[in-house]
Amino acid sequence: MRWSWKIGKVAGIGIYVHATFFLLILFILFVNLHEGKSLATAANGVVFVLAIFGCIVLHELGHALAARHYGVRTRDITLLPIGGLSRLERIPDVPIQELWVALAGPAVNAIIVGAIFGLSTLAGFRPNLTAFRWAGGSFLNNLMAVNFWLLAFNLIPAFPMDGGRVLRALLARRMEYSRATLVAARVGQGIAFIFGLAGLFSDPFLVFIALFVWMGAEQEAASVQVHSSLAGIPVQQAMLTNFRTVLPDDPLAKVVEHALDGWQQDFPVVFGDHVLGMLTRENLTRALAQGGMQSPVRAAMNRDFVTVDSHDMLENTLATMRAARSRSVPVLHDGTLVGLLTMDHIGELLTIHSALRQAQYTAQSAPPHPDTTPR
Ligand SMILES: [Zn+2]
């Protein structure tokens, strides 16, 4: 996400913080000083924000560990003032798995609320969920209230909150996945509309949340369409079989020649049956600037590249390519190079599929021609 800084790594997952989080810290300082509180109280407020920050990290780690249990890795976690955002490498395939992954985050907040409630009661205090104050008040009680709020907010059945995913997972047990997503997205937008309307007459902050929820629903609905268009298509149906390869000892001049007489941007570097590397357009231009036309391919090629199998499913392959930031990957079968898969080509395939789907939809919904209507 833009405007985010990496602050650390937990269990191999990069943790990023979004710039707006600092706005929240400024807001706390402002509220404290505005109310005439001492600098010590204000500092206490900032520590409190950092504690919330810790709880959100734990919430996201809850999702990440549940996902890992199902073999899905988490790419990174970004912290926003309204919560965290975990980017999973893919959505778990089975709806029930998505349900548990979605619930694992709020479960962490529920545990924190329970723990503070239990410990305070044991220590003779009276925990109170409604006694929350941005400035002053009991630190632990405030933290409990915030965790309760995080729990409730995340369970609202609307994307991009966890509740939206829970709703979809439940719907997906009764209907097709993409249909379940669309229904869940519409429910979410209905809720966003009510929030927005209520916000107009009460708290402007609600309007902000409504906008956020509305956009989250749109995005989820769009991403699942890509997901379902690619579902069930193996790589071998989408890969190019007519492409050029180069040898490690070829001079770059030869690659330039190939690049100029075709549309291919990236070239597998092969030796016998083995793929030794990939030479991308970026590798080529950089090497040309440094060493000129006669330098060998082996010095310019990328040795750190991903390969896919021709029997892999396109859906998973696309996720792999995105994770590796690769535009083209060599397709192997039994260790032998059989094709080249490019993002451009997958994009083309998606366009054709959606056009065909549109045609099907139009044919279904077109009114019958008057002449052919049976009387
Ligand atoms: Zn969550």
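Trainee: Why does Trp149 count as partly exposed?

Mentor: In this predicted model, Trp149 has a relative accessibility of 42%. Buried would require under 20% and exposed over 50%, so 42% falls in between and Trp149 counts as partly exposed.

Trainee: And how do you know whether Phe153 is buried or exposed?

Mentor: The relative accessible area of Phe153 is 7%, and because this is under the 20% cut-off, Phe153 is buried.

Trainee: How many aromatic pairs are there?

Mentor: The count comes to two aromatic pairs. One of them joins Trp5 and Phe22, whose ring centres are 6.2 Å apart, with the planes at 65°.

Trainee: What makes the pair of Trp5 and Phe22 edge-to-face?

Mentor: The centres lie within the 6.5 Å limit, so the rings do pair, and because the angle of 65° is over 60 degrees, the pair is edge-to-face. Since Trp5 belongs to strand β1 (residues 4-10) and Phe22 to helix α1 (residues 20-34), the pair ties together parts that are 17 residues apart in sequence. Trp5, with a relative accessible area of 47%, is partly exposed, and Phe22, at 42%, is partly exposed as well.

Trainee: Why is the pair of Trp149 and Phe153 called stacked?

Mentor: The two ring centres of Trp149 and Phe153 are 5.3 Å apart and the planes are at 5°; because planes under 30 degrees apart count as stacked, the name follows. Trp149 and Phe153 are four residues apart in helix α4 (residues 139-154), and therefore about one helical turn separates them.

Trainee: Which residues coordinate the zinc ion, and what makes the arrangement of its four donor atoms irregular?

Mentor: His59 and His63 each give NE2, while Asp162 gives two OD atoms, at 2.0 to 2.6 Å. The angles at the zinc ion run from 55 to 151°.

Trainee: How do you know whether His59 and His63 are buried or exposed?

Mentor: His59 has a relative accessible area of 4% and His63 one of 6%. Because both values are under 20%, both residues count as buried. His59 and His63 are four residues apart in helix α2 (residues 39-69), and therefore about one helical turn separates them.

Trainee: Which helix packs against α2, and at what angle?

Mentor: Helix α3 (residues 95-122) packs against α2 at about 145°, with the axes 7 Å apart. Among the residues of α2 that make this contact are His59 and His63, and those of α3 include Trp100 and Ile112.

Note on methods
Residues are numbered from 1 along each chain as its sequence is written. This is a predicted model: local features need pLDDT of at least 70, side-chain atom pairs count only at pLDDT 80 or more; totals for chains, interfaces and linings use all residues. Side-chain values use heavy atoms; hydrogens and water are left out. Donors are N, O and S atoms within 2.8 Å of the metal (3.2 Å for Na, K and Ca); water is not among the atoms, so sites may look incomplete. Four donors count as tetrahedral if all angles lie between 85 and 135 degrees; four count as square planar and six as octahedral if opposite donors are over 155 degrees apart and all others between 65 and 115; anything else is irregular. Helices (H or I, at least four residues) and strands (E, at least two) are DSSP runs, numbered from the N terminus. Buried means under 20% relative accessible area, exposed over 50%, partly exposed in between (1.4 Å probe, protein chains only). Rings of Phe, Tyr and Trp (its six-membered ring) pair if their centres lie within 6.5 Å; planes under 30 degrees apart count as stacked, over 60 as edge-to-face and the rest as tilted. Axes are lines fitted to C-alpha atoms, for helices over the stretch in contact, and angles run from 0 to 180 degrees between N-to-C directions. Contact means heavy atoms within 4.5 Å.
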